[in-house]
Amino acid sequence: MQINITLPDNSIRNYESGVTGLGIAQSISEGLARVALAIEVNGNIQELNRTITEDAAIRIFTWNDDEGKKTLWHSSAHIMAEAILFFYADALLTIGPPVENGFYYDVDFQGKAFGSDDFEKIEKKFLELAKSGETFVRKEVSKAEALAVYAGNPYKTELIENLEDGSITFYYSGNFVDLCRGPHIPNSNVIKAMKVTATAGAYWRANQANKMLTRIYGISFLKQKDLDEYMMRIEEAKKRDHRRVGQELELFAFSEKVGKGLPLWLPKGTRLRETLIDFLKKVQEAYGYQQVVTPHIGSKQLYETSGHWEKYGKDSFQPIRTPEEGEEFMLKPMNCPHHCEIFASRPRSYKELPLRLAEFGTVYRYEQSGELHGLTRVRGFTQDDAHIFCRPDQVKEEFKKVIDIVLYIFKVLDFKEYVAQISLRDPDNQTKYFGTDEQWEIAQNAIIEATAEKGLPTVTELGEAAFYGPKLDFMVRDALGRKWQLGTIQVDYQLPNRFELEYVGNDNQKHRPVMIHRAPFGSLERFIAVLIEHTGGDFPLWLTPEQVVVMTIGEKFEAYGHEVVNILKNNGIRAIIDERSEKIGKKIRDAEVGKYPYMLVVGEKEMENRAVSVRRRKEGDLGTKTIAEFVEFIQAEIAEQLK
RNA sequence: GCCGAUGUAGCUCAGUUGGCCAGAGCACUUGAUUUGUAAUCAGGGGGUCGGGGGUUCGAAUCCCUCCAUCGGCUCCA
């Protein structure tokens, strides 16, 4: 019998019923057959060696497709598990999926230690097994059979019990068998390079109450060269790590004496911070925001009113007490309750809405010690926070304006690789949220509509909402590909209720405002960390801590050098002088390494002509300009960046 | 918080079959040099070897414990 196979280009080919994916690949080209890893048949990804007996639309996947990589890595997880069992026969296997960069297998070593010493022997065994040319053979088994095979393994038993009888499959490869849905690559011998990259603890089923397993991460490739390139990329990325660059450029530091997770901002880092703050203040002023300032602590009662105490009391620094009266105060974990009280400080009219209160508010949160990470996860940080109090009918419009601010900021900073994520509540677990279904419905729709009307591409995540409302988060990746949340915009009907906020409408009746929480950077600390990693510390001219280094040729020109610096400073340009008795080559090298954008060399001929020799970092000598020309030149460049 | 790893000068790192006063480069400092577009030369200071405890005639090196950091997990208002 003949069947019709539809290829991705919509062309149709005829095959004998029972043809395999590999057969189809071979009929298209031998080259394709050699690199084919998996096939999609009517939407289901499966092995190339499975037969196809009816008309189908297919796609063949290779290393160049995510599906191909995933299949290869999934198969690699099996081979790694086989290698692990070779050395640790008693180890209990659990799950071994592919991930973004490679794969892992979670193993219960039953008390035996597995450490970095094991990496090499696993890699060696892995390559040996791969080379032996194992095929992956699929077998359907009954639930009873499956349970019998895994009688001694509570993890697999638990997995099997949650599966439908009749849908359970095992995969045999070499001497190894694993409960697995598949699919797998045709033959393990295509894998030529593999590395065990890390081990980590991981809770069974991601639940802290369960036993901690040993997660072994690995990555595999079809070519040794690809592995080498991958390792090189990781090394390059590490050079951009904000913790390293921040130390090298003297932006911030940590001190054990001060406490972990509490960054100290050094002068240059502070200058960067202040520049960002000034920039954002100007933008926000243009959008009708008003700056406010509130204290770093607030009475515990404030947070009982807001609900934060109930929800996050355990995750906060514990309240501090006044010595005489025993009043309890909390280090503020949020600015919003304070801002609610500013709203409530006098009667409000509908005419003053939307009221937009902004504050660069420093907050303190208890983060688990193992979770602290450079500037991206700290215990004390400053939010570029603001709260918009508005009428319910203004929510969508205000939300759109905030999106405009975020997108403008990202544009100026040349941030392109972000993901806008709509975080909605978990429909299966609504008890962890405050508020009525109706309010959630309205708020969620406002966000969905606002992003749609702005044409902002978004992804939607259920269960990621705040306890008081849904939000739109802007996610970015750091140098090593880890995801972090930066900006956030959140709609909140709860806090105005809890603080009984009211305004008088044009009907002379009292009404409840809606709040929008928003922070385009999220936290300055995290934002700067990501900025450092995206730029490698090579900040845009307008933002960099010191824009110009004036370097003197000899001590005769020091007075002139200082004069140049003063003129630059008077024109709002951040400049310093290097008047060490070093050769000009040394000064230039230090400035290049220190990432100062402009170097101005001043010597005899410059002094005579009231000029400077301009050198742009990474580009080299740009020739001579008068001081006035240079001021105009650099100001034009800065203005262009802020457009 | 949990699992694993790491911790030698301000920074990057040498230094294990346990054994001379613990080393280098950069940085810092002093002196000489006054320099023309990516590293001038010579001297000097600086380390409770993360903290504490133990084993030993003897510990940076072996053991225990605490702390910090790193990679994950969990969490993230």
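This is a predicted model: local features need pLDDT of at least 70, side-chain atom pairs count only at pLDDT 80 or more; totals for chains, interfaces and linings use all residues.
1. Residues around the RNA. The protein places 51 residues around RNA strand B, and those that come nearest are Tyr203, Ser369, Glu371, Arg589 and Glu606. By class, this surface comprises 21 charged, 15 polar and 15 nonpolar residues.

2. Elements that form this surface. Helix 18 (584-593) is among the elements that supply at least two residues each, as are strand 14 (193-203), strand 15 (212-221) and helix 19 (604-609). The most is given by helix 18, which provides six residues.

3. Contacts with the RNA. Sugar or phosphate accounts for 49% of the atoms of RNA strand B within 4 Å of the protein, and bases account for the rest. On the base side, a side-chain N or O atom of glutamine 368 is 2.7 Å from a base oxygen, and a polar backbone atom of threonine 199 is 3.4 Å from a base nitrogen. On the phosphate side, tyrosine 312 has a polar side-chain atom 3.3 Å from a phosphate oxygen.

4. The second largest pocket. Its volume is about 1,200 Å³. The lining consists of 30 residues, of which Asn101, Ala479, Leu480, Gly481 and Arg482 are the closest to the centre. Two or more lining residues come from each of strand 14, strand 15, helix 7 (224-239) and helix 16 (524-535); helix 7 has the largest share, with seven.

5. The pocket lining contains 13 charged, 11 nonpolar and six polar residues. Domain 2 (67-237) and domain 3 (252-535) each contribute at least three residues to this lining.

Notes
Residues are numbered from 1 along each chain as its sequence is written. Chains are lettered from A and ligands numbered from 1 in the order in which they are written. Side-chain values use heavy atoms; hydrogens and water are left out. A residue is near a molecule or strand if one of its heavy atoms lies within 4 Å of it. A polar contact is a pair of N or O atoms within 3.5 Å; within protein, one must be able to donate a hydrogen and the other to accept it, and residues adjacent in sequence count only if both atoms are side-chain atoms. Helices (H or I, at least four residues) and strands (E, at least two) are DSSP runs, numbered from the N terminus. Ala, Val, Leu, Ile, Met, Phe, Trp, Tyr, Cys and Pro count as nonpolar, Asp, Glu, Lys and Arg as charged, and the others, Gly among them, as polar. On a 1 Å grid over the protein atoms alone, a cavity is a set of points where a 1.4 Å probe fits but cannot get out, and a pocket is an open set with protein on both sides within 12 Å along at least five of seven lines; lining residues have an atom within 4 Å of a point. Grid points are joined across faces, edges and corners, and a volume is the space filled by probe spheres set on the points. Domain bounds come from an automatic or database domain assignment.
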